[in-house]
Amino acid sequence: RSPDALNRNAIAKDVEQFNFESCQIYCYGNLLHTIQMAKLYDDSKTFVDMKLIQSPAKTLEEFDALMAAKNNTPSKEDLQTFVNTYFGEKGTELELYTPTDWKEHPAFVDQITDPDLKQWGIDLNNIWKQLGRKMKDDVKNNPDYYSIIYVPNPVIIPGGRFIEFYYWDSYWIIRGLLYSEMYDTARGMIENFLSIVQRIGFIPNGGRVYYWGRSQMPLLTAMVKSYVDFTNDYVFAINALETLEHEFEYFINNHTVQAKGHDLYVYSDFSTGPRPESYSEDVETARIFETEEAKEAFYSEIKSGAESGMDFSSRWFINENGTNVGNLSTIKTRSVVAVDLNALLHWNAKIIAEFHSKAGNTEKVTEYETKAQKIMEGIQAVLWNEEAGCWLDYDLINEKPRDYFVPTNLSPLWMNAYNISDTEKISASVLKYIERNNLDQFPGGVPNTLYNTGEQWDMPNVWAPMQYILVEGLSNLGTPAAKELSKKWAHRWVLSNFKAYSDTFNMYEKYNAEEYGGHGGGGEYGVQTGFGWSNGVIIEWLTKHGREVNQSTEGGGGGAATTRLISLLGVASVALVAILVGRVVW
Ligand SMILES: OC[C@H]1O[C@H](O[C@H]2O[C@H](CO)[C@@H](O)[C@H](O)[C@H]2O)[C@H](O)[C@@H](O)[C@@H]1O
């Protein structure tokens with residue numbers, strides 16, 4: 001099927017509401033094109049994060065005047081002068097913010113036995129203060145001067161180049177905050193998202209206008225569920241219901257495809273043009289396409305990949321032979337029915353039904369249970385693969401399952417998108433699938449795919465949210481063998497992240513499956529530190545596993561215990577050298 005078979009009539013009723021004035025500067029148009037193609041900055045995201053000094057209209061007028069004066073061919077210096085004159089520093093719209101509910105010693109720290117890991121838990125809790133941001137009042141008063149989208153409450157950002165909120169990152173950040181007992185900050189972030197759905201109709205990929213037309217994994221409803229599980233505040237959930245339903249409908253209305261007679265869902269973007277934050281990169285990759293139409297289709301595929309959060313990965317490559325061997329120019333995200341998105345929409349419907357049940361709205365309970373059931377039937381009929389013994393993404397172009405490992409293949413376990421009465425059978429098949437793909441062999445965690453393409457969501461990179469999906473999914477499955485593997489992988493992840501932290505005092509956005517304690521790389525920007533979701537997952541697992549995990553337990557290659565021994569040996573040799581030269585060095 002061609003992606004044009006998507007129901008594009010419904011497009012963008014919501015996207016049309018995305019009428020920020022500053023989009024004329026930051027989302028599309030000649031100014032964006034000219035400045036970004038001049039490559040004034042090493043990271044293309046820098047320019048679109050800079051604030052305007054004049055209004056968008058005045059800036060465009062001045063830009064047109066420059067172009068006219070320079071015969072439409074301004075030099076790089078002319079453009080740099082223009083940017084220096086009409087744009088301010090990036091990131092000045094945000095202030096560092098220490099959340100008022102931050103606690104020095106949250107109770108989770110007392111769950112950790114190993115003294116080094118306990119200190120790490122304290123350090124991670126401290127990092128929330130470094131990642132806290134609040135918007136300056138000027139953003140509220142003059143939103144047209146910024147690419148950042150105004151939100152009323154402080155946020156915790158991922159870190160590094162990611163200085164604004166990101167939608168799916170926030171799920172693991174919010175869970176970490178809840179374990180750190182920062183309930184107000186967590187609720188504030190959820191309220192920001194609710195306000196965005198009320199204003200715009202959907203949640204963009206991240207908190208910038210240039211992410212127009214793409215969302216990310218719809219985890220808002222699950223964020224509310226997490227908050228309720230910690231606080232029992234069902235009134236909050238019930239008050240949010242109308243907005244949660246709206247977001248659910250946004251996905252259903254704009255992401256539906258048909259496969260084997262079932263309605264299923266694909267990641268899909270609705271804007272035009274290259275990604276503003278990676279503009280020249282996309283234009284250059286698109287050079288291979290001859291027509292404007294083909295280039296535009298490529299831009300859509302690429303932005304749909306960003307909507308999935310896995311930007312980028314061989315998971316989305318479909319070449320002419322129908323396999324995943326390829327590169328970014330073969331990206332076909334909109335033709336891949338993604339297991340995670342479907343399981344997540346099923347989960348959304350179930351949670352919305354549960355909140356309606358608390359409110360006593362029986363008709364709505366039936367409505368959402370029915371929606372959940374329909375999605376589940378599609379997942380079972382199209383995505384469950386008896387031969388593989390697991391769920392697999394489905395290729396709409398070649399009408400066949402994609403038998404390539406991605407952690408999201410197991411996401412129905414995490415989101416309970418399977419028939420509980422099949423638990424034993426599913427457990428046996430899924431464990432065989434894990435064995436067949438040798439997924440337990442990696443010292444640094446389970447990689448995102450088994451193919452090394454140089455893209456950041458491929459081998460050997462390994463990501464906290466994906467480890468979370470695997471570990472929590474196996475734990476949910478609940479059979480002794482699945483629980484044992486879940487625990488083993490959780491301990492391995494904690495210890496490997498700890499090794500990286502002990503070596504560098506950094507938490508990374510991604511790690512390296514092949515190297516115990518190694519960080520990730522590849523893709524179009526350097527590895528980032530901070531880092532929101534990595535910290536959130538570790539805080540949750542230190543809480544859940546802190547009594548058992550310690551540096552002498554298996555961490556992949558005997559890692560942490562060996563590291564400790566090596567550092568002790570290191571200290572001993574420094575001492576020996578000091579004695580030999582007759583000086584005391586400490
Ligand atoms: O600028 C390139 C891309 O950066 C983002 O993607 C990556 O970081 C996000 C924040 O941690 C994360 O949510 C995403 O999964 C990462 O791949 C951004 O989301 C992309 O839209 C952007 O093109």
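## Ligand contacts

A backbone N or O atom of Gly 309 lies 2.6 Å from an oxygen atom of the ligand in this predicted model, a polar contact being a pair of N or O atoms within 3.5 Å. On its own the ligand has 480 Å² of accessible area, of which the protein covers 100% (Shrake-Rupley method, 1.4 Å probe).

## Shell and cavity

The ligand is surrounded by 21 residues; Asp 169, Asn 205, Glu 277, Gly 309 and Asp 311 are the closest (a heavy atom within 4 Å of the ligand). By class, the shell holds nine nonpolar, seven charged and five polar residues, with Asp, Glu, Lys and Arg counted as charged and Gly among the polar.

The ligand takes up the space of the largest cavity. A cavity is a set of points, on a 1 Å grid over the protein atoms alone, where a 1.4 Å probe fits but cannot get out; a molecule sits in it if more than half of its atoms lie within 2 Å of its grid points.

## Confidence

The protein chain averages a pLDDT of 93, and 91% of the residues score at least 70 (pLDDT is the predictor's confidence in each residue, from 0 to 100). The model has ipTM 0.97 and pTM 0.93.

For residues 1-12 pLDDT stays under 50, with 23 contacts beyond four places in sequence (heavy atoms within 4.5 Å). Residues 556-586 are also below 50, with 18 contacts beyond near neighbours in sequence. Where pLDDT is low, predicted coordinates should not be read in detail.

## Basis

Residues are numbered from 1 along each chain as its sequence is written, and side-chain values use heavy atoms, leaving out hydrogens and water. In this predicted model, local features need pLDDT of at least 70 and side-chain atom pairs count only at 80 or more, while totals for chains, interfaces and linings use all residues.

Definitions and conventions. Polar contact = N/O pair within 3.5 Å; in protein donor to acceptor, adjacent residues only side chain to side chain. 1 Å grid on protein atoms, 1.4 Å probe; cavity = no way out; pocket = protein on both sides within 12 Å on 5 of 7 lines; lining within 4 Å.
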